[in-house]
Structures are given as structure tokens and as C-alpha cells.
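Please read the following walk through a single protein chain with the sequence and the coordinates side by side. The account begins with ring pairs, then turns to helix packing and to the surroundings of individual residues.

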Amino acid sequence: VTEPLFIEVLLAALGIAVNPPAVIAAILLVASSGRKALAFAGGWAFGLFIVGSIVMVAGDAFGQSGGSSVPMLVLKVAVGITLLGLAGMKWRSHRTSGDKELPGWMSRLYNISASRAFLAAALFAALNPKTIAFIAAGVLAILGASLTVETEWAALVAFVLLASLSVTAPVAFSVFAPRRSEEVLALAERWLGDNSALVAAAVLLVLGLVVLCSGAYG
């Protein structure tokens, strides 16, 4: 994979990872039930993989793998513009309200079963516009790297695992260091609530510019 495409994939994964509701939900569930936390982390990764698979299959079906064809470039420009628009929205919401974007379903986390936690995470990953835009950017970069079909899918799995780290890491941390994790995860939750919108806006801006330039000058 060429360096620009590698950077696009990493930025897209980072953009997905900086998702306050998903990370905070995982932290809350860690304190409530390890089983529910594991289910939530699995559902989040599953949702990301499903969306990534749809984009991958669509790209392969249209014969866009490994090329700089006009449809691929137009799609990248569209994704880049979308990311820039989301960056602007995220920045405005951060300036006006601090962007405490916690979905209503998070208030019911303590009372749901593990299976519902899995489903809630999968749906939130698959239906979140910002996450979908990041996944599209990451998968388009993979499709533009002139890889074999098998390597493309392996790259998608690696992308999903990387993008899921912010959700899976707190769960793993609580398993291997339960005492230490309580203080660290509490600090992480507070920091995310205060700063994640600004970080997300920055990642959206940078990735949007990268993808837009890649499509415009590809």
C-alpha cells in the first residue's frame, strides 16, 4: 500500500475510534457487567465490518478495485466533501454546546441484556453517518491500493480491528487490570466528554482534505 493510501486508512480508523458515545458506553458497561461490555465491543466491531463489507462488495462489483477510474475519483471527492461538511458541523456544535452527543439508548445500558448490548452497538456503528463516512474513506483507500481480493478483505479486517481499539481496549484493560482500570477509565470518560468533539472535528478536517485531494488529483 502506498504511503498516502496508508495514511488515509489510518486517519479513517482514528476517526472511527474517536467516538465518544461508543467509548463511554463501553466504559460504563465495564463497571456494570463484563459480559455486557464484551457483547457491546463485539457488536461495535461487527457493525463496522458489515458496513465495510457492503462498501467493499459494492466497489468490487463496480470494478473499482485498484484503479484511479473516474467513478472512483468522483466517489472519493464526494466522500471528502462529506467529511469536510461533518467537520464543520462538529466544530460548530463544539463551539456552541460542547457537543455532549450521548444517545438516548445509553441511559438504558445498565438494564439491557448482553444480546441487546451487542445489537445496540452494531446498529450504532452501522447507522452513524460520521462512522459510515469514515468507513467509506478507509475502504476506498483499500480498494485503490491494487491489492488482491484476499488481501483487500484481510486489510478490511485489520482496519476494523484498529478502528475498534478504543472500544475493545477498555474492556480488555478491565479484564487484565481490574483495579487499575477503574481510575484510568474514569479519567478517560471525563476527558472524552470534554475534548472528543474537538479531536473528531480535527480528524474529519484532515481526512476530508486528504481524501478530497486524492480524488481531485488522483
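How many aromatic pairs does a search of the whole structure find? In this model, which is predicted, the search of the whole structure finds three aromatic pairs. One of them is formed by Phe46 and Phe118, whose rings lie 5.7 Å centre to centre with 35° between the planes, a tilted arrangement. This pair links distant parts of the chain, since Phe46 belongs to helix α3 while Phe118 belongs to helix α5 (residues 114-127), and the two are 72 residues apart. Phe46 has a relative accessible area of 42% and is therefore partly exposed, and Phe118, with a relative accessible area of 32%, is partly exposed as well.

Another pair brings together Phe49 and Trp153, where the ring centres are 6.3 Å apart and the planes stand at 55°, so this pair is tilted. It too links distant parts of the chain, with Phe49 in helix α3 and Trp153 in helix α7, 104 residues apart. Phe49 is partly exposed because its relative accessible area is 29%, and Trp153 counts as partly exposed at 26% relative accessibility; the limit that matters here is 20%, under which a residue would count as buried.

The helices named so far belong to a protein chain that has nine helices and zero strands, and reading along the sequence gives the pattern α-α-α-α-α-α-α-α-α. Of the contacts in the protein chain with a separation of 6 or more, 87% are accounted for by residues 24 or more positions apart. Buried residues make up 45% of the 218 residues in the protein chain.

Helix α3, which spans residues 34-61, also packs with helix α6, residues 129-143, at an angle of about 50° and with the axes 9 Å apart. The crossing in which α3 passes α6 is right-handed. On the α3 side the residues that meet α6 are Trp44, Leu48, Val51, Gly52, Val55, Met56, Gly59 and Asp60, and on the α6 side their counterparts are Thr131, Ile132, Ile135, Ala136, Val139, Ile142 and Leu143. Sorted by class, this contact of α3 with α6 has 11 nonpolar residues, three polar ones and one charged one.

Val160, which lies in helix α7, is in contact with Ala45, Leu48 and Phe49 once its neighbours within four places in sequence are left aside. The C-alpha atoms of Val160 and Trp44 are separated by 9.5 Å, although the two residues are 116 residues apart along the chain. Val160 counts as buried because its relative accessibility is 6%.

Where is Ser164 placed? Ser164 is in the loop between α7 (149-163) and α8 (165-176), and at 2% relative accessibility it counts as buried. Leaving aside neighbours within four places in sequence, Ser164 is in contact with Trp44, Ala45 and Leu48.

Methods: Residues are numbered from 1 along each chain as its sequence is written. This is a predicted model: local features need pLDDT of at least 70, side-chain atom pairs count only at pLDDT 80 or more; totals for chains, interfaces and linings use all residues. Side-chain values use heavy atoms; hydrogens and water are left out. Axes are lines fitted to C-alpha atoms, for helices over the stretch in contact, and angles run from 0 to 180 degrees between N-to-C directions. Helices (H or I, at least four residues) and strands (E, at least two) are DSSP runs, numbered from the N terminus. A crossing is left-handed if the near helix is turned anticlockwise from the far one by less than a right angle, and right-handed if clockwise. Contact means heavy atoms within 4.5 Å. Ala, Val, Leu, Ile, Met, Phe, Trp, Tyr, Cys and Pro count as nonpolar, Asp, Glu, Lys and Arg as charged, and the others, Gly among them, as polar. Buried means under 20% relative accessible area, exposed over 50%, partly exposed in between (1.4 Å probe, protein chains only). Rings of Phe, Tyr and Trp (its six-membered ring) pair if their centres lie within 6.5 Å; planes under 30 degrees apart count as stacked, over 60 as edge-to-face and the rest as tilted.
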